Every structure is written in structure tokens, then in C-alpha cells.
Amino acid sequence: MRRAWITHLEALAVVRQCQLAGVSRATTYAQRHPRPVAAEDLLLLRLLDEEYTVDRFTGAAKWSCC
């Protein structure tokens, strides 16, 4: 019940809100819902994964010094 008092958008810091409500910060953060991932980010991640799957060492010679 007291966890519902904590909001992440208030002017008062979450740490202080937790202290005043007597609630653990870990519990407060564990209750947050994950943000949805943007379609563009998913596309970029998939392209990176495909590139890595084709050749794990692409670009490695370019960055080695000797």
C-alpha cells in the first residue's frame, strides 16, 4: 500500500519519498514497468546481430594496432 505513494515524477527525490513512507527503494524500483522498445531500436539490434552472425571479426583488423 505504501509503495503506491512513491512517484518518480515528483519534485521530492525517490530516496526521500521512500524514507518518509518507510519503503525500500529496491522494492519501489522493482515495481516499475519496463519501457517499450522503439521499432527503430529493434531494427538496429537485429541488423547488428545479423552482421555479427555473418562474421564476428569484421572490423577487428581495422582496430588492431600490430
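1. Of the 66 residues in the protein, 11% are buried. Here buried means under 20% relative accessible area, exposed means over 50%, and partly exposed lies in between (1.4 Å probe, protein chains only). The model is a predicted one: local features need pLDDT of at least 70, side-chain atom pairs count only at pLDDT 80 or more, and totals for chains, interfaces and linings use all residues. Residues are numbered from 1 along each chain as its sequence is written, and side-chain values use heavy atoms, with hydrogens and water left out.

2. The protein has four helices and zero strands, giving the pattern α-α-α-α along the sequence. Helices (H or I, at least four residues) and strands (E, at least two) are DSSP runs, numbered from the N terminus.

3. Accessible areas come from the Shrake-Rupley method with a 1.4 Å probe; for residues, only the protein chains shown count as cover.

4. Helix 1 spans residues 14–21, and its buried residues are V14, Q17, C18 and A21. They lie on the same side of helix 1, because they cover an arc of only 100° around the axis. The arc is that of the directions from the helix axis to the C-beta atoms. An α-helix has 3.6 residues a turn, so residues three or four places apart point the same way.

5. What do the buried residues of helix 1 pack against? Their partner is helix 2 (25–30), where contact means heavy atoms within 4.5 Å. On the face of helix 1 turned away from the buried side sit the exposed residues Q19 and L20. Just after helix 1, G22 has a positive phi of about 70°.

6. A search of the whole structure finds one salt bridge, that is, a side-chain nitrogen of Lys or Arg within 4 Å of a carboxyl oxygen of Asp or Glu. E50 forms a salt bridge with R46, and their closest N and O atoms are 2.6 Å apart. Both residues belong to helix 3 (residues 39–54), where E50 and R46 are four residues apart, about one turn of the helix. E50 counts as partly exposed because its relative accessibility is 40%; R46, at 43% relative accessible area, is partly exposed.

7. V37, L42, L45 and L48 form a nonpolar patch on the surface, together holding about 410 Å² of accessible area. Patches are made of residues with over 30% relative accessible area and no salt bridge: like charges are joined within 9 Å, nonpolar side chains (Val, Leu, Ile, Met, Phe, Trp, Tyr) within 5 Å. L42 is found in helix 3 and has a relative accessible area of 49%, so L42 is partly exposed.
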